[in-house]
Amino acid sequence: MAAGDVVLGENQYGKAECRLVRIDREVARHRITDLTVTSQLRGDFEACHTDGDNSQVVATDTQKNTLYAFARDGVGAPEELLLRLAEHFTTGFPWVVGGRWEAQQHSWDRVEVDGAPHDHSFVRTGRETRTALVQRDGDEVFVLAGLRDLTVLKSTGSEFHGFPRDRYTTLPETDDRILATDVTAWWRYAELPDGPGGFDATYAAVRDLLLATFAEVHSLALQQTIFAMGKAVLDAFPGIAEVRLSCPNNHHFLVDLEPFGLDNPGEVFFAADRPYGLIQATVQREGEARKPRAWATVAGFA
Ligand SMILES: O=c1[nH]c(=O)c2[nH]c(=O)[nH]c2[nH]1
(Lines give C-alpha, C1' and ligand atoms only; values in the text may rest on other atoms or scores of the structure.)
Protein backbone atom coordinates (compact mmCIF):
# COMPACT_ATOMS: atom_id res chain seq x y z
CA MET A 1 0.00 0.00 0.00
CA ALA A 2 1.42 3.41 -0.94
CA ALA A 3 2.16 5.76 1.92
CA GLY A 4 -0.63 8.22 2.28
CA ASP A 5 -3.42 5.86 1.18
CA VAL A 6 -6.61 6.54 3.05
CA VAL A 7 -8.10 3.58 4.89
CA LEU A 8 -10.97 2.96 7.22
CA GLY A 9 -10.16 3.03 10.92
CA GLU A 10 -12.27 1.97 13.89
CA ASN A 11 -15.95 2.24 13.29
CA GLN A 12 -19.26 1.25 14.79
CA TYR A 13 -22.83 1.95 13.86
CA GLY A 14 -26.33 1.27 15.01
CA LYS A 15 -29.54 2.81 16.31
CA ALA A 16 -29.13 5.37 19.04
CA GLU A 17 -31.51 6.12 21.88
CA CYS A 18 -34.37 3.74 21.12
CA ARG A 19 -37.12 4.58 23.55
CA LEU A 20 -38.60 1.41 24.99
CA VAL A 21 -41.34 1.11 27.56
CA ARG A 22 -42.41 -2.34 28.67
CA ILE A 23 -45.41 -3.03 30.85
CA ASP A 24 -45.49 -6.31 32.73
CA ARG A 25 -49.22 -6.89 33.05
CA GLU A 26 -49.56 -10.56 33.97
CA VAL A 27 -51.00 -9.46 37.28
CA ALA A 28 -53.29 -6.56 38.11
CA ARG A 29 -50.38 -4.71 39.63
CA HIS A 30 -48.51 -3.62 36.51
CA ARG A 31 -44.78 -3.01 36.42
CA ILE A 32 -43.11 -0.51 34.12
CA THR A 33 -39.62 -0.60 32.65
CA ASP A 34 -38.63 2.57 30.79
CA LEU A 35 -35.38 2.46 28.86
CA THR A 36 -33.41 4.38 26.29
CA VAL A 37 -31.22 1.87 24.44
CA THR A 38 -28.41 2.30 21.94
CA SER A 39 -27.14 -0.63 19.86
CA GLN A 40 -23.95 -0.37 17.81
CA LEU A 41 -22.17 -3.11 15.91
CA ARG A 42 -18.45 -3.56 15.30
CA GLY A 43 -16.96 -5.87 12.72
CA ASP A 44 -16.15 -5.97 9.03
CA PHE A 45 -18.09 -3.13 7.46
CA GLU A 46 -15.31 -1.93 5.21
CA ALA A 47 -17.03 -2.60 1.89
CA CYS A 48 -19.93 -0.42 2.91
CA HIS A 49 -17.68 2.50 3.83
CA THR A 50 -15.44 2.25 0.78
CA ASP A 51 -17.89 1.03 -1.91
CA GLY A 52 -21.37 1.43 -0.55
CA ASP A 53 -21.74 -2.36 -0.46
CA ASN A 54 -24.44 -2.99 2.12
CA SER A 55 -24.37 -6.78 1.96
CA GLN A 56 -22.95 -6.99 5.51
CA VAL A 57 -24.78 -4.03 6.98
CA VAL A 58 -27.31 -5.17 9.56
CA ALA A 59 -29.60 -2.17 9.21
CA THR A 60 -29.91 0.14 12.17
CA ASP A 61 -33.64 -0.34 11.70
CA THR A 62 -33.17 -4.09 12.19
CA GLN A 63 -31.15 -3.45 15.34
CA LYS A 64 -34.00 -1.33 16.69
CA ASN A 65 -36.61 -3.94 15.75
CA THR A 66 -34.59 -6.68 17.47
CA LEU A 67 -34.67 -4.69 20.68
CA TYR A 68 -38.46 -4.37 20.61
CA ALA A 69 -38.92 -8.02 19.66
CA PHE A 70 -36.68 -9.14 22.53
CA ALA A 71 -38.69 -6.96 24.90
CA ARG A 72 -41.75 -9.08 24.10
CA ASP A 73 -40.20 -11.86 26.22
CA GLY A 74 -39.52 -9.51 29.12
CA VAL A 75 -36.70 -7.12 29.72
CA GLY A 76 -35.23 -7.99 33.11
CA ALA A 77 -32.32 -5.89 34.32
CA PRO A 78 -30.92 -3.51 31.69
CA GLU A 79 -27.60 -5.35 31.78
CA GLU A 80 -29.38 -8.62 30.95
CA LEU A 81 -31.16 -7.10 27.97
CA LEU A 82 -27.89 -5.66 26.64
CA LEU A 83 -26.09 -8.97 27.10
CA ARG A 84 -28.87 -10.69 25.12
CA LEU A 85 -28.50 -8.19 22.29
CA ALA A 86 -24.72 -8.60 22.34
CA GLU A 87 -25.03 -12.38 22.12
CA HIS A 88 -27.60 -12.20 19.32
CA PHE A 89 -25.66 -9.90 17.03
CA THR A 90 -22.20 -11.27 17.80
CA THR A 91 -23.13 -14.91 17.22
CA GLY A 92 -25.78 -14.33 14.53
CA PHE A 93 -23.69 -12.60 11.85
CA PRO A 94 -20.21 -14.02 11.15
CA TRP A 95 -18.67 -10.63 10.30
CA VAL A 96 -20.01 -8.96 13.45
CA VAL A 97 -17.28 -9.38 16.05
CA GLY A 98 -18.91 -7.38 18.79
CA GLY A 99 -20.32 -4.01 19.56
CA ARG A 100 -21.53 -1.59 22.12
CA TRP A 101 -24.92 -1.65 23.80
CA GLU A 102 -25.95 1.03 26.24
CA ALA A 103 -29.07 1.68 28.30
CA GLN A 104 -30.46 4.36 30.52
CA GLN A 105 -33.30 3.39 32.81
CA HIS A 106 -35.79 6.10 33.71
CA SER A 107 -37.51 5.59 37.00
CA TRP A 108 -41.18 5.78 37.79
CA ASP A 109 -42.82 5.53 41.20
CA ARG A 110 -46.40 4.49 41.80
CA VAL A 111 -48.93 7.23 42.29
CA GLU A 112 -50.26 7.05 45.84
CA VAL A 113 -54.03 7.26 46.20
CA ASP A 114 -55.38 7.52 49.74
CA GLY A 115 -51.98 6.41 50.98
CA ALA A 116 -51.93 3.26 48.83
CA PRO A 117 -49.65 2.73 45.80
CA HIS A 118 -51.77 2.55 42.64
CA ASP A 119 -51.70 -0.58 40.47
CA HIS A 120 -51.24 1.06 37.10
CA SER A 121 -50.54 4.78 37.53
CA PHE A 122 -47.01 6.03 37.80
CA VAL A 123 -45.30 9.33 38.45
CA ARG A 124 -41.90 10.27 37.11
CA THR A 125 -39.71 10.94 40.08
CA GLY A 126 -36.66 13.09 40.37
CA ARG A 127 -34.54 10.03 40.99
CA GLU A 128 -31.26 9.32 39.31
CA THR A 129 -30.95 7.58 35.97
CA ARG A 130 -29.62 4.04 36.07
CA THR A 131 -27.11 3.27 33.33
CA ALA A 132 -25.64 0.13 31.80
CA LEU A 133 -23.05 -0.48 29.11
CA VAL A 134 -22.10 -3.79 27.52
CA GLN A 135 -19.22 -4.01 25.08
CA ARG A 136 -18.25 -7.22 23.40
CA ASP A 137 -15.27 -8.17 21.29
CA GLY A 138 -15.50 -11.82 20.31
CA ASP A 139 -15.67 -13.73 23.56
CA GLU A 140 -14.49 -10.82 25.65
CA VAL A 141 -17.36 -9.01 27.34
CA PHE A 142 -17.15 -5.85 29.44
CA VAL A 143 -20.12 -4.99 31.61
CA LEU A 144 -20.36 -1.59 33.26
CA ALA A 145 -23.26 -0.47 35.41
CA GLY A 146 -23.85 2.89 36.91
CA LEU A 147 -25.99 5.86 37.61
CA ARG A 148 -26.03 9.54 36.90
CA ASP A 149 -27.68 12.58 38.42
CA LEU A 150 -27.84 11.13 41.89
CA THR A 151 -28.22 14.56 43.48
CA VAL A 152 -27.15 14.77 47.10
CA LEU A 153 -26.47 17.52 49.59
CA LYS A 154 -25.27 17.59 53.17
CA SER A 155 -25.84 20.76 55.13
CA THR A 156 -22.86 20.25 57.44
CA GLY A 157 -20.13 17.69 57.99
CA SER A 158 -17.95 19.17 55.26
CA GLU A 159 -14.80 21.27 55.55
CA PHE A 160 -12.23 22.54 53.09
CA HIS A 161 -8.96 24.03 54.31
CA GLY A 162 -5.21 23.54 54.21
CA PHE A 163 -4.94 24.15 50.48
CA PRO A 164 -1.99 26.17 49.11
CA ARG A 165 -2.44 29.91 48.87
CA ASP A 166 -0.82 32.06 46.21
CA ARG A 167 -1.48 35.55 44.91
CA TYR A 168 -4.59 34.32 43.08
CA THR A 169 -6.15 32.52 46.03
CA THR A 170 -9.16 34.24 47.54
CA LEU A 171 -11.16 31.23 48.77
CA PRO A 172 -11.59 31.39 52.54
CA GLU A 173 -10.89 28.27 54.53
CA THR A 174 -14.00 26.72 56.00
CA ASP A 175 -14.71 24.15 58.67
CA ASP A 176 -18.42 24.03 57.94
CA ARG A 177 -19.90 24.21 54.46
CA ILE A 178 -22.63 22.69 52.35
CA LEU A 179 -21.41 19.78 50.23
CA ALA A 180 -23.60 19.11 47.20
CA THR A 181 -23.11 17.11 44.05
CA ASP A 182 -24.75 15.12 41.27
CA VAL A 183 -23.05 11.76 41.36
CA THR A 184 -22.18 10.01 38.14
CA ALA A 185 -20.75 6.59 38.91
CA TRP A 186 -19.80 3.59 36.81
CA TRP A 187 -18.63 0.27 38.15
CA ARG A 188 -17.11 -2.58 36.15
CA TYR A 189 -18.08 -6.15 36.85
CA ALA A 190 -15.18 -8.60 36.84
CA GLU A 191 -17.75 -11.27 37.73
CA LEU A 192 -21.40 -10.92 36.86
CA PRO A 193 -23.73 -11.09 39.86
CA ASP A 194 -25.46 -14.45 40.10
CA GLY A 195 -26.99 -14.20 43.55
CA PRO A 196 -30.63 -13.43 44.29
CA GLY A 197 -31.75 -10.32 42.50
CA GLY A 198 -28.69 -10.30 40.22
CA PHE A 199 -27.93 -6.95 38.62
CA ASP A 200 -30.98 -5.25 40.14
CA ALA A 201 -30.04 -6.15 43.71
CA THR A 202 -26.44 -5.11 43.16
CA TYR A 203 -27.58 -1.81 41.70
CA ALA A 204 -29.80 -1.08 44.69
CA ALA A 205 -27.09 -2.04 47.16
CA VAL A 206 -24.40 0.04 45.43
CA ARG A 207 -26.74 3.03 45.32
CA ASP A 208 -27.45 2.65 49.04
CA LEU A 209 -23.73 2.40 49.80
CA LEU A 210 -22.91 5.52 47.77
CA LEU A 211 -25.60 7.45 49.63
CA ALA A 212 -24.71 6.16 53.09
CA THR A 213 -21.02 6.90 52.55
CA PHE A 214 -21.75 10.40 51.31
CA ALA A 215 -23.83 10.97 54.43
CA GLU A 216 -21.50 9.40 56.96
CA VAL A 217 -18.04 10.49 55.87
CA HIS A 218 -17.04 13.73 57.53
CA SER A 219 -15.63 15.38 54.44
CA LEU A 220 -12.36 17.32 54.28
CA ALA A 221 -12.65 17.47 50.47
CA LEU A 222 -15.04 16.15 47.85
CA GLN A 223 -12.08 14.10 46.61
CA GLN A 224 -11.94 12.31 49.97
CA THR A 225 -15.69 11.69 49.88
CA ILE A 226 -15.75 10.18 46.42
CA PHE A 227 -12.76 7.96 47.14
CA ALA A 228 -14.58 6.68 50.24
CA MET A 229 -17.71 6.07 48.16
CA GLY A 230 -15.80 4.00 45.63
CA LYS A 231 -13.92 2.13 48.33
CA ALA A 232 -17.15 1.22 50.13
CA VAL A 233 -18.42 -0.38 46.92
CA LEU A 234 -15.21 -2.34 46.31
CA ASP A 235 -15.11 -3.50 49.94
CA ALA A 236 -18.66 -4.80 49.72
CA PHE A 237 -18.58 -6.38 46.25
CA PRO A 238 -15.65 -8.64 45.34
CA GLY A 239 -17.12 -9.05 41.84
CA ILE A 240 -16.73 -5.34 41.12
CA ALA A 241 -13.25 -4.53 39.87
CA GLU A 242 -13.26 -0.74 39.81
CA VAL A 243 -15.51 2.26 40.33
CA ARG A 244 -15.26 5.54 38.48
CA LEU A 245 -16.90 8.63 39.86
CA SER A 246 -17.46 12.06 38.38
CA CYS A 247 -18.89 14.65 40.72
CA PRO A 248 -19.43 18.37 40.29
CA ASN A 249 -18.86 20.40 43.42
CA ASN A 250 -22.14 22.32 43.40
CA HIS A 251 -21.02 25.39 45.29
CA HIS A 252 -23.28 27.04 47.84
CA PHE A 253 -22.01 30.48 48.77
CA LEU A 254 -22.98 32.08 52.05
CA VAL A 255 -24.78 35.33 51.25
CA ASP A 256 -23.41 38.45 52.93
CA LEU A 257 -26.41 39.86 54.76
CA GLU A 258 -24.43 42.53 56.61
CA PRO A 259 -25.58 45.31 54.24
CA PHE A 260 -29.05 44.59 55.58
CA GLY A 261 -27.90 44.64 59.19
CA LEU A 262 -28.32 40.89 59.47
CA ASP A 263 -25.96 38.12 60.46
CA ASN A 264 -25.84 34.83 58.51
CA PRO A 265 -24.78 31.94 60.69
CA GLY A 266 -24.65 29.39 57.84
CA GLU A 267 -28.30 29.68 56.94
CA VAL A 268 -28.77 31.64 53.69
CA PHE A 269 -26.88 30.53 50.57
CA PHE A 270 -26.61 31.38 46.90
CA ALA A 271 -26.71 28.07 45.03
CA ALA A 272 -24.48 28.66 42.01
CA ASP A 273 -25.00 26.46 38.96
CA ARG A 274 -21.67 27.31 37.29
CA PRO A 275 -18.78 27.25 37.27
CA TYR A 276 -18.42 24.17 39.44
CA GLY A 277 -15.48 22.16 40.61
CA LEU A 278 -15.34 18.87 38.74
CA ILE A 279 -13.88 16.04 40.76
CA GLN A 280 -13.27 12.68 39.08
CA ALA A 281 -11.54 9.57 40.33
CA THR A 282 -11.07 5.91 39.60
CA VAL A 283 -11.08 3.69 42.67
CA GLN A 284 -9.48 0.36 41.92
CA ARG A 285 -7.98 -2.75 43.46
CA GLU A 286 -4.24 -2.71 43.77
CA GLY A 287 -2.55 -5.06 41.34
CA GLU A 288 -5.69 -5.80 39.33
CA ALA A 289 -5.27 -5.60 35.54
CA ARG A 290 -6.62 -2.41 34.01
CA LYS A 291 -9.18 -2.72 31.23
CA PRO A 292 -8.91 0.49 29.24
CA ARG A 293 -11.07 -0.86 26.42
CA ALA A 294 -13.99 -1.21 28.81
CA TRP A 295 -13.90 2.56 29.30
CA ALA A 296 -12.85 3.77 25.86
CA THR A 297 -16.35 4.91 24.88
CA VAL A 298 -17.51 6.21 28.23
CA ALA A 299 -17.71 9.96 27.74
CA GLY A 300 -16.19 12.27 30.29
CA PHE A 301 -14.00 9.79 32.11
CA ALA A 302 -10.23 9.81 32.01
O1 LIG B 1 -13.81 19.62 48.02
C2 LIG B 1 -13.19 20.48 47.36
N3 LIG B 1 -12.15 20.11 46.59
C4 LIG B 1 -11.43 20.99 45.85
O5 LIG B 1 -10.46 20.62 45.13
C6 LIG B 1 -11.82 22.34 45.90
N7 LIG B 1 -11.35 23.47 45.30
C8 LIG B 1 -12.14 24.49 45.71
O9 LIG B 1 -12.02 25.70 45.33
N10 LIG B 1 -13.09 24.05 46.59
C11 LIG B 1 -12.92 22.70 46.72
N12 LIG B 1 -13.58 21.76 47.43
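A polar contact is a pair of N or O atoms within 3.5 Å; within protein, one must be able to donate a hydrogen and the other to accept it, and residues adjacent in sequence count only if both atoms are side-chain atoms. This is a predicted model, where local features need pLDDT of at least 70, side-chain atom pairs need 80 or more, and totals for chains, interfaces and linings use all residues. Residues are numbered from 1 along each chain as its sequence is written, and side-chain values use heavy atoms, with hydrogens and water left out.

View 1. Look for Asn249: a polar atom of its side chain sits 3.2 Å from a ligand nitrogen. With Leu222, a polar backbone atom is 2.7 Å from an oxygen of the ligand.

**View 2. Residues around the ligand.** Here you'll find Phe160, Leu171, Arg177, Ala221, Leu222, Gln223 and Asn249 (each has a heavy atom within 4 Å of the ligand).

View 3. Contact (heavy atoms within 4.5 Å) takes in 14 residues of domain 1 and 12 residues of domain 2.

**View 4. Charges across the interface.** The rule picks out two salt bridges between domain 1 and domain 2 (a side-chain nitrogen of Lys or Arg within 4 Å of a carboxyl oxygen of Asp or Glu). Zoom in on Arg130 and Asp200, a salt bridge whose closest N and O atoms are 2.9 Å apart.
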